[in-house]
Amino acid sequence: MIRFRMHRYNEVSILLELEDLTVETSHSCILIVEAHCKDTFKNILTNRIPAYCSLLLTVAKSGGIPDLEKEIVKLLISMKDIPEREPGEEKLIPICYDEQLGNDLNKMSGYLQIEKETIINHHVLMDYRVYMLGFLPGFPYLGFIPEVIAMPRKKEPVATKAGAVGIAGQQTGIYPVDSPGGWQIVGYTPMCMFDVTRKNPALLLPGQRVRFEAINLETYFKLK
């Protein structure tokens with residue numbers, strides 16, 4: 001049986017947290033529960049926030065909470081094994097690592113004691129999963145980068161431009177708007193990560209896969 005904790009987050013929300021599973025397995029399970037609740041409670045469910053190992057669900061009125069809790073417990077008890085999920089949709093995100101745009105590759109190279117080209121190669125060749133959105137609207141938390149290029153956050157936040165692709169720990173992420181930020185910046189994408197005029201404002205969603213495609217400075221400005 002899948003081990004989990006579930007508690008009332010507020011009057012109209014519950015928080016589900018999974019235990020004793022790998023991050024990848026937990027996230028797959030969370031997405032299954034989210035999809036099931038979306039279909040089963042579509043008339044009362046007002047918000048769903050999946051993360052690495054947790055899921056926050058909000059309903060229109062507190063009266064819907066007991067049925068939601070019962071359905072989740074029933075589903076998790078029935079899941080003796082995590083069902084196989086089809087790989088999520090893959091998004092190809094162009095990224096420019098040119099230092100003329102401004103990045104932290106020199107500092108990262110010195111800290112890690114490896115060449116800048118090695119950092120870029122490790123970063124661009126990975127197949128990432130979108131685990132959650134947070135911090136800023138549409139900011140995707142992507143995992144996981146190789147440990148050899150993992151970096152601590154900056155000691156103090158600095159002004160960071162929209163489209164900046166950063167590393168913190170073994171995660172990588174993309175800043176959707178200009179913002180103070182503490183992640184180590186490896187490059188920039190010309191893609192708009194969040195736009196309220198789109199049907200789905202966030203370009204990336206939990207469960208999707210991401211691959212970065214290295215582009216030169218000229219291509220960056222053309223796409224921008």
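Mentor: What follows takes the terms one by one, with the definition set beside the value. This is a predicted model, in which local features need pLDDT of at least 70 and side-chain atom pairs count only at pLDDT 80 or more, while totals for chains, interfaces and linings use all residues. Residues are numbered from 1 along each chain as its sequence is written, and side-chain values use heavy atoms, with hydrogens and water left out.

Trainee: How do you know that the radius of gyration of the protein chain agrees with that of a compact globule?

Mentor: The radius is taken over C-alpha atoms, and the globule rule is 2.2 Å times the number of residues to the power 0.38. For 224 residues the rule gives a value near 17 Å, and the protein chain has 19 Å, which agrees.

Trainee: What makes residues 23–40 pass the length check for a helix?

Mentor: Helices are DSSP runs of H or I with at least four residues, numbered from the N terminus. The expected span is 1.5 Å times one less than the number of residues; for the 18 residues of helix 1 that gives 26 Å, and the end C-alpha atoms are 26 Å apart, so the two agree.

Trainee: Which residues of helix 1 are called buried, and what covers them?

Mentor: Buried means under 20% relative accessible area (1.4 Å probe, protein chains only); among those in helix 1 are I30, L31, I32 and V33. With contact meaning heavy atoms within 4.5 Å, their cover includes strand 3 (45–50) and helix 2 (65–78). Across the protein chain, buried residues make up 47% of the 224.

Trainee: What share of contacts joins residues at least 24 apart?

Mentor: Among contacts between residues at least 6 apart in sequence, the share is 63%.

Conventions:
Buried < 20%, exposed > 50% of the residue type's maximum accessible area, 1.4 Å probe, protein only. Helix = DSSP H or I, 4+ residues; strand = E, 2+ residues; numbered from the N terminus.
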